[in-house]
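Colleague: I am new to reading protein models, and I would like to go through one with you slowly, feature by feature. Could you show me the structure before I begin with my questions?

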Amino acid sequence: MRKWILMLMCMLGVQTMALADNDKPIQVGQLPTKAQTLVTTYFKHHKVALAKMESGLFYKSYDVIFTTGEKLEFDKSGDWTEIQCKASEVPVQVLPAEIRSYVSSTYPGAKVLEIERDGKEYEVKLSNGWEITFDNQFRVIDIDD
């Protein structure tokens, strides 16, 4: 009996691992509405190289990669989690007002090249090489060069 239970558990474990980390190419029109709006509003002149949905056992996310090297990442509801702009800068309208204000007043002339957010903090990379971390109240908690 123990052998059967162990075998069943192994089979379920293998099936779970096979379902995890499933990447699937999609069309931009298959992104959540919020993600589509961000792409069509702020990156309308960029050509999409790849849009994909990543799904695992407990998560779903979306990536959009442009031919210029810019990359957008979204959570399952279409809210951005990361924006990387290598050839240009993150559109200022996308940045939270507090971060936009801090960067423009503290680092005049610097451009935001990347911004990443999770539930607790925002990490911003500037064109002058500085990396600034803000908490969810937009207070600076770390600065690296």
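Colleague: How many bridges join strand 3 to strand 4, and do the two run parallel or antiparallel?

Modeller: Before I answer, please note that this is a predicted model, in which local features need pLDDT of at least 70 and side-chain atom pairs count only at pLDDT 80 or more, while totals for chains, interfaces and linings use all residues. Residues are numbered from 1 along each chain as its sequence is written, and side-chain values use heavy atoms, with hydrogens and water left out. As for terms, helices (H or I, at least four residues) and strands (E, at least two) are DSSP runs numbered from the N terminus, and two strands pair if DSSP finds at least two bridges between them. Here, four bridges join strand 3 to strand 4 (residues 71–74), and the two run antiparallel.

Colleague: Which strand is joined to strand 3 by seven bridges?

Modeller: That is strand 2 (residues 48–55), which runs antiparallel to strand 3. These two also form a hairpin, with four residues between them, and S55 has K60 of strand 3 as its bridge partner.

Colleague: Why is strand 3 largely enclosed by the rest of the structure?

Modeller: Burial is judged by relative accessible area: buried means under 20%, exposed over 50%, and partly exposed in between, using a 1.4 Å probe and protein chains only. Strand 3 (residues 60–66) is largely enclosed because five of its seven residues are buried. For the chain as a whole, 32% of its 145 residues count as buried.

Colleague: How many residues does the largest nonpolar core have?

Modeller: A nonpolar core is a set of buried Ala, Val, Leu, Ile, Met, Phe, Trp, Tyr and Cys residues joined through side-chain atoms within 4.5 Å. The largest one here has 30 residues, and those with the most contacts inside it are V64, L72, F74, W80, I83, I115 and L126. Taking L72 as a case, and using contact to mean heavy atoms within 4.5 Å, we find that, neighbours within four places in sequence aside, L72 touches residues including L38, F43, V64 and I83.

Colleague: Which residues are linked with K52 in a network of salt bridges?

Modeller: A salt bridge is a side-chain nitrogen of Lys or Arg within 4 Å of a carboxyl oxygen of Asp or Glu, and in this structure D23, K52 and E54 are linked in a network of them. Between D23 and K52 the closest N and O atoms are 3.7 Å apart; this pair links distant parts of the chain, with D23 in strand 1 (residues 22–25) and K52 in strand 2, 29 residues apart. The side chains of K52 and E54 meet at 3.6 Å, N to O. D23 is partly exposed, with a relative accessible area of 38%, whereas K52 counts as buried at 19% and E54 counts as buried at 16%.

Colleague: How far apart are the closest N and O atoms in the salt bridge of R139 with D135?

Modeller: They are 2.8 Å apart. In this pair R139 is exposed, with a relative accessible area of 51%, while D135 counts as buried at 11% relative accessibility.
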